[in-house]
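Welcome, and thank you for taking a look at this structure. Please open the sequence and the 3D view side by side, and let us walk through a few places together.

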Amino acid sequence: MIIAPSLLAANFGRFASEAQRIARAGGDWLHLDIMDGHFVPNISFGPELVRVLRPQSKLVFDVHLMCQRPEILLEPFAQAGADRITVHIELGEAVVGPLLWKIKKLGKKVGLAVNPPTAVALAEPFLKQIDLLLIMTVNPGFGGQPFIHEALPKIQQAAAWRREKHLNYRLEVDGGINFQTAVECARAGADTFVSGTGLFGQSNFKNAVAKMRRLTAKAAPKEKAALPVYEFHDDAN
Ligand code: DX5
Ligand code: ZN
């Protein structure tokens, strides 16, 4: 299980020490929510923050672009030190294909995000191209919103595709993730948990990260034991 605390819930007055606090607490990835005031009604931070944090942190930088024109941002974020870049399917099929290709070409892990009102089926044609599918569990734009339970069947669907098609993209959830909703998502098949207020709101950050990892690992569906493969010897031959 990957736990990815979201910097959006950190103290904006001291990003560097907050990133270090996340690392000390045992977070696996640092989730960076990039909002442009167009795709979502809020503005957060840009590539310059990634560039200044990069030398100070060994965490995987998981950049989530909630932006109307990600094509102008892929290179700046890649050069600034992003490890993974996720773009939204809502931008339209014609745009998304080239964007995913470009992220890969930049040598970064490729992510595709699906908002709560969007059918997960729209992501199906891209599954072979991606390293991560992000099922949004709130409408993006702000931290601290309540989890949308209607996203759970989408997680199940995405997990079923992964099994059936023998793919290995990570299945990430983002928005309203606390101990309880993380467990619900893990049961549905999620393995990567973005959490902002759910983790930052706890008095002991380290214990909170460990608890979320433990609870979700316990809730994860057990892989079916491999079926024995029988070889038949035909005596007639
Ligand atoms: C929502 C962002 C999330 C946000 C989650 O627009 O994509 O990553 O930081 O925050 P919480 O965990 O507070 O819902
Ligand atoms: Zn996010």
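Lys165 sits in the loop between α5 (152-164) and β7 (170-174). Helices (H or I, at least four residues) and strands (E, at least two) are DSSP runs, numbered from the N terminus. Before we go on, a word on the ground rules: this is a predicted model, in which local features need pLDDT of at least 70 and side-chain atom pairs count only at pLDDT 80 or more, while totals for chains, interfaces and linings use all residues. Residues are numbered from 1 along each chain as its sequence is written, chains are lettered from A and ligands numbered from 1 in the order in which they are written, and side-chain values use heavy atoms, with hydrogens and water left out.

Lys165 has a relative accessibility of 35%, so it counts as partly exposed. Here buried means under 20% relative accessible area, exposed over 50%, and partly exposed in between (1.4 Å probe, protein chains only). Leaving aside neighbours within four places in sequence, Lys165 is in contact with Glu124 and Leu127, where contact means heavy atoms within 4.5 Å. With Glu124 there is also a polar contact between the two side chains, at 2.9 Å. A polar contact is a pair of N or O atoms within 3.5 Å; within protein, one must be able to donate a hydrogen and the other to accept it, and residues adjacent in sequence count only if both atoms are side-chain atoms. For a sense of scale, the C-alpha atoms of Lys165 and Ile89 are 20 Å apart, and 76 residues separate the two along the chain.

His166 lies in that loop between α5 and β7 too. Although His166 is not a glycine, it has a positive phi of about 50 degrees. The relative accessible area of His166 is 71%, so this residue is exposed.

The side chains of His64 and His31 make a polar contact of 3.5 Å. Not counting residues up to four places away in sequence, His64 touches several others, including Leu32, Thr86, His88 and Met136.

### Salt bridges

How many salt bridges does the structure hold? There are ten, a salt bridge being a side-chain nitrogen of Lys or Arg within 4 Å of a carboxyl oxygen of Asp or Glu. Among them are these:

| Pair | Closest N to O |
|---|---|
| Glu48 and Arg51 | 2.8 Å |
| Lys102 and Glu75 | 3.4 Å |

Glu48 and Arg51 are three residues apart in helix α2 (residues 47-53), so about one helical turn separates them. Glu48 is partly exposed, at 47% relative accessible area, and Arg51 is partly exposed at 46%.

Lys102 pairs with Glu75 in a salt bridge. Lys102 lies in helix α4 (residues 93-105) and Glu75 in helix α3 (residues 74-80), so the pair ties together parts that are 27 residues apart in sequence. Lys102 is partly exposed at 27%, and Glu75 is partly exposed at 37%. Elsewhere, salt bridges that share partners join Arg14, Glu18 and Arg21 into one network.
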